[in-house]
Amino acid sequence: MQKAIFHGLKRFQLKFIVLMFILATVIWSAVIAPQTASAHASLVEATPESGSKLQESPAQVTVTFNEQLDAGLFYIKVFDHNGNEATNNKAHLNKAGTGVELDLPKLPEGVYLISYHVISADGHPVGGSYPITIGNPPQEDTLDLPSAHEGHEHGAGPLTTKVLLQYLSRGIWYFLVLALTGWIIWLRFSSAGGAEVKKALSSWTLNLQRAQLVALLLLIFTHIEDLLGGGGVQEIWQLFTGTTIGISWIVLMVLSFLGFVLAGRRAWLDIAWTLSFLAMKSFSGHAASFSPAWATIGLDFIHLAASALWVGGLMLLYAKWRKQDHDIRMFMKTFSKMAFISIIVLTITGSLSVLLFLPNLHYLFYTTWGILLLVKIGIVVLVGMVGFVIRLYMRNKNEHKAFPWIKVDLSLMIVIMLLVGIITYMAPIPANEPLQWHQMGEKVHVSVDITPKVQGTNTFLAKVFLPEKAGKPKQVLLIFHYTDAEDVAPISVPLTAFEDQTQEESYGFAKYSYKAVGAYLPFRGNWDLEMRVMDAEDNETVYHKAFIVY
C-alpha cells in the first residue's frame, strides 16, 4: 500500500514542478502586462485644484494625502510659463503630517505649474504636476516645460523596464536577506559535519554575504532617482540623513559590512547581528505606514524571523545534500519540525497583519496586492502539503526519496520570494481616484463628478443634458446608497443649480449644472449612486453607478 502511495507521489511530483513553472510564468505575465504601478500614499486633495482658473493669486498651495508622510524630504514648487520658480519659499508639513503646504507671495496673472514630491511613511515616492491659471493672461502664456504634465501621477506610471528592475531588485534582496540571516542562525546551532563540509559551508556564508550586499546596492540604485523626485544631487544628503528609508539603507549597509567581520565568531554576535538586520528590514516596509506601529512592525519582525528560519534551513539542507554530509538525516528531522512551526507562525502573523492593514477582508479582491497575497497564501498551503510528504518519507526512513521534494520546496520558496518582491511595491489599500461618470440615454444624459471621492468632505458636480424643447428639469436628485450595510438609510445630496461656464460637448442638448459640497460619503466601502431626473412633463429617468470609497 505504501509503495503505491509513494509511486503516486513521485508521478505527482513531476506534474507539480511543471505546474510551478506555469504558475511563475502566469504571475510574471500578469505583472509585465501594461498596467499602472501602485503607490502607497495617494493624493486626497490639492488646493488649488488642477486646472483651476483663479481671479487672484492664492495665498497657499496645499497637497494632502491619505497617510503619514516622511518628514525628511518633500517639496512643492511653482513654475511660471517660462519655467522659472515663482517663489523661493520652502514647503512645510501640516500638523497632521499627512500634507505639504507652501506659502505664496502675490503672483501676477499667468499660467503656472504646481509640482510636488513626497515620500510616504513606508518609503515610496509620490509626485505629480498640474497647471493653474491666475487672472486673464495673454494667449501666448502657455506652459512649455519638459516636466509639465496635467493631472496627478500619484506615484504611478506605466510598468517600464525601470519598474520591473525595481520589482526584481526587491525580490532578490528580500530572498537574500532571509537566506543569509536564516543560514547564519542554522549554521550556528546545527552540526556542521566534517572539516571539508565546514569549509564548504563557510564559503556559502561568504557568497551569501556578498550577494546580499550587491542586491542591496542594486535596490538603492534602482530606487534612489524616484525618491529624489528630480530634486537633484543636492537632495542626496537629505535623503540619506533625513528620511527613514535613507537612514535604513545606511544602517543596512553598515550591518552588511559588519557581517563580514562578525559572522561565525560568537553565538551571541550572530544572534544580535541577525536580529538587528531583520529589525531594520521591518522598519522600512508596509508595516511602518500602518498603526499601531508597535503591532504592525512587531508582527512583521516575527514574520521575517519565521521566514528566515524556513529559507535559511532549506538552503543549509540543500548545501548538506550537495556535500553529502553524514548528519543530514538528523538535520532533516530538526528542520522538518522547525519548518512546521515556521509555517504556523507565518500563518498567524500574516493573518493578523492583513487584519491591521485592511479595513475589511473584501479589500483582498479590490487590488492586485490582495490577489497576489491570496496566491501567496495558496502557495504556502502547498508548502505545507509538500512538508507533509517529506515527513512521510522520513517516517519510513526513505530520506533519499525526500530530496526531490525538497527541490519542490525550494521552487515554491523562489515563487513566494518573487511574489513578495512584487507585493512590497504595491499598496494594500487602493488609491481613491476622483469619480468622473457620464451616462448616455435616449432622452436624458447625466454626468456626476466627485472630487476627491474620499471618506469625508467632497465636491459633487452633477450635470443633466436634455433636449432644447424639453425645457429645464423639474427635479434632479442625487442619492447615495451604502450597500455594505442595509440599516444605513439612503443619503440625499442637496444640489444647488449654478451657471457652469465649462466648455464641453453637450450632444446637441441643453446643459443644466448642479453642485454640492459636504460629507455625504461618511463610510468606506461599496456605494451605489442614484441619479433621478424628472422633466417638465413629469417623466422620470433613473440611472445607477456603483463605486467604492477605499
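**Salt bridges first**

I began with a network of salt bridges that links Lys 162, Glu 225 and Asp 226. This is a predicted model, so I read every distance here as a computed one.

I took the two pairs in turn. Lys 162 meets Glu 225 in a salt bridge, 3.5 Å from N to O. Lys 162 lies in helix H2 and Glu 225 in helix H3 (residues 195-228), so this pair ties together parts that are 63 residues apart in sequence. For Lys 162 and Asp 226, I found the closest N and O atoms 2.7 Å apart.

How buried or exposed are the partners? Lys 162 is partly exposed at 32% relative accessibility, and Asp 226 is partly exposed too, at 24%. Glu 225 has a relative accessible area of 55%, and because the cut-off for exposed is over 50%, I noted Glu 225 as exposed.

Asp 226 has another partner in my notes: its side chain makes a polar contact of 2.9 Å with the side chain of Gln 166. Gln 166 is found in helix H2 (residues 161-189) and is buried, with a relative accessible area of 1%.

I then checked the whole structure and got six salt bridges. One of them joins Arg 532 and Glu 530, with the closest N and O atoms 2.2 Å apart. Arg 532 is partly exposed at 23%, whereas Glu 530 is buried at 7%.

**The sheet**

Next I traced an open sheet of four strands, in the order E2-E8-E7-E4 with mixed pairing. Its edge strands are E2 (53-54) and E4 (75-79), each pairing on one side only. E7 (residues 110-119) and E8 (residues 125-134) pair antiparallel over 10 bridges, and I marked His 117 with its bridge partner Gly 127 in E8.

E4 runs antiparallel to E7, joined by five bridges; Phe 79 stands opposite Leu 113 in E7. Why did I note E4 as largely enclosed by the rest of the structure? Four of its five residues are buried.

**Helices and a patch**

Helix H9 (residues 368-395) has 28 residues and reaches 41 Å from first C-alpha to last, close to the expected 40 Å. After H9 comes Lys 397, with a positive phi near 55 degrees.

Last, I found a nonpolar surface patch of about 670 Å², whose members include Phe 340, Ile 344 and Leu 352. Leu 352 sits in helix H8 (residues 328-357) and is partly exposed, at 40% relative accessible area.

Key:
Residues are numbered from 1 along each chain as its sequence is written. This is a predicted model: local features need pLDDT of at least 70, side-chain atom pairs count only at pLDDT 80 or more; totals for chains, interfaces and linings use all residues. Side-chain values use heavy atoms; hydrogens and water are left out. Two strands pair if DSSP finds at least two bridges between them. Helices (H or I, at least four residues) and strands (E, at least two) are DSSP runs, numbered from the N terminus. The expected span of a helix is 1.5 Å times one less than its number of residues. Buried means under 20% relative accessible area, exposed over 50%, partly exposed in between (1.4 Å probe, protein chains only). A polar contact is a pair of N or O atoms within 3.5 Å; within protein, one must be able to donate a hydrogen and the other to accept it, and residues adjacent in sequence count only if both atoms are side-chain atoms. Patches are made of residues with over 30% relative accessible area and no salt bridge: like charges are joined within 9 Å, nonpolar side chains (Val, Leu, Ile, Met, Phe, Trp, Tyr) within 5 Å. Accessible areas come from the Shrake-Rupley method with a 1.4 Å probe; for residues, only the protein chains shown count as cover. A salt bridge is a side-chain nitrogen of Lys or Arg within 4 Å of a carboxyl oxygen of Asp or Glu.
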